[in-house]
Amino acid sequence: MNALSSVKLIDGKACAARVLVEVREQVHALREHGTQPGLAVVLVGTDAASQVYVRNKVLRANEVGIRSLEHRLPAATRQTELLSLIARLNEDPQVHGILVQLPLPAHIDEHRVLQAVSPLKDVDGFHSENVGGLAQGREVLTPCTPSGCMRLLREACGELRGKHAVVVGRSNIVGKPMAALLLQADCTVTTVHSRSRDLPALCRQADILVAAVGKPRLIGADWLKPGAVVIDVGINRIDEDGRSRLVGDVDFAAALPQVAGITPVPGGVGPMTIAYLMKNTLLAFALQQQATRQERTPCPSPC
Ligand code: NAD
C-alpha cells in the first residue's frame, strides 16, 4: 500500500486500541474507589462463531479490568430458564451490563429475551426502551457497531453537521441505529435497502457512505462520490485465488483511489464493536449509579 492510501485508511484497530485505553483508565479510577463494573455474557448453545465472539468479548473485558461473568447454557435450555437467569442478572448489583449472544436457538423467542434485559443493563442497545430513546435523542445505551462507526467518522471527518450520509442496509442491529445516530449528529440521512431503486445513484450522493449489507464487494467505485468517506461494516467470507478471505461490502481496491477515507475489512469496524461494548458497560455502570442517586434524593416538594 502506498503512502497516499495509508493516509486514507481509517484504522479501526488503532482507534479501538485508543478507546480501550480510555475505558481501562476509567475502570482503574473506579476500582481505586472500591467499585468495579461487571459484564455478564450469556451464550446458549454451541454455535462456533458465537463461541469465538464470546471468548473475545470476555478477553477484552478482562484486559480493561471489567469483571466478566460467563453463562454458557446448553442448546436445549428452555426459554423460562433463560428468562429466570436474566431476571437474576438484572437484580445482581455486581452486574452492570448483560449481553445475550445472538442468534439464540430457534425454540427461544429472541425479542422476548432481549426485552427481559433491564434497559439500564442493555449494553447491546436492543431493548425497545433504548431503541425508542435513541430515536428521541435521549442519552441511552446504543448498539455497539454503529456507535463504533460514529467514533470512526468523528475522527475521520471532524464535523459531521450538514453532511449527506447514506446508510446501505436497514437491519435493527446496524442500519437503523446507524441512521438514527447520524441524524442525531445533524447529518442529512438517506437509508437505502434491497428494495431501493437505483442504488448506485443514491449512493453517489453520499459525503458519508455506511455499507451494512453482507454482500461481498457490492459497492464499486462507480457508486461513490469522489472524496466520500466510506465505513464498511460488511464482513463476508469468500474463496478467492484458492484461499479463504474476509472482504467487506465495498470493493476496497477499486474505491481507494477516489475516496477521502475508507475502513478496511478486516481491521476497520470489527475491532470497534468490541471496544464499544466495553464503553457501553461503563456507560451502563454510570447510568445505574445515576438512577440509584435519583432514587435516594428526596422529592423537593410534596408529590
Ligand atoms: P442483515 O442481513 O440483518 O441486513 C442486511 C440489510 O442489507 C437489509 O436491511 C437489506 O435490506 C439490505 N440489503 C440486502 N441486499 C441488498 C442489496 N443488494 N442492496 C442494498 N441493500 C441490501 O445484516 P446486518 O446484521 O445488518 O449485517 C450486515 C453486514 O454487516 C454483514 O456482513 C454482517 O456480518 C456485518 N456486521 C459486522 C459487524 C462488525 O462488527 N463489523 C457487526 C454486525 C454486522
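**The pocket and its ligand**

Begin with the lining of the largest pocket, which by class comprises 29 nonpolar, 11 polar and eight charged residues. Note that this is a predicted model. The space in the largest pocket amounts to about 1,300 Å³. Of its 48 lining residues, select Tyr53, Thr145, Ile235, Gly270 and Thr273, the closest to the pocket centre.

Next, colour the secondary structure elements. Helix H2 (12-32), helix H3 (48-64), strand S3 (97-100), helix H7 (144-157) and helix H11 (269-296) each supply at least two residues of this lining. Select H3 in particular: with eight residues, H3 gives the most to the lining of the largest pocket.

Now display the ligand, which sits in the largest pocket. Which residues come nearest to the ligand? Of the 21 residues around it, they are Arg170, Ser171, Val233, Ile235 and Thr273. By class, the shell around the ligand holds nine nonpolar, 10 polar and two charged residues. Here helix H11 gives the most, with three residues.

Then zoom in on the polar atoms:

- Ser171: a side-chain N or O atom is 2.5 Å from an oxygen atom of the ligand.
- Thr273: a polar side-chain atom lies 2.7 Å from a ligand oxygen atom.
- Ile235: here a backbone N or O atom is 3.0 Å from an oxygen atom of the ligand.

Finally, show the protein surface around the ligand. On its own the ligand has 860 Å² of accessible area, of which the protein covers 72%.

Conventions:
Residues numbered from 1 in each chain as written. Predicted model: local features only at pLDDT ≥ 70, side-chain atom pairs only at ≥ 80, totals over all residues. Heavy atoms only, no water. Near = heavy atom within 4 Å. Polar contact = N/O pair within 3.5 Å; in protein donor to acceptor, adjacent residues only side chain to side chain. Areas by Shrake-Rupley, 256 points an atom, 1.4 Å probe, with all protein chains shown as cover. 1 Å grid on protein atoms, 1.4 Å probe; cavity = no way out; pocket = protein on both sides within 12 Å on 5 of 7 lines; lining within 4 Å. Sits in = over half its atoms within 2 Å of the grid points. Helix = DSSP H or I, 4+ residues; strand = E, 2+ residues; numbered from the N terminus. Nonpolar A, V, L, I, M, F, W, Y, C, P; charged D, E, K, R; others polar. Points joined across faces, edges and corners; volume = space filled by probe spheres on them.
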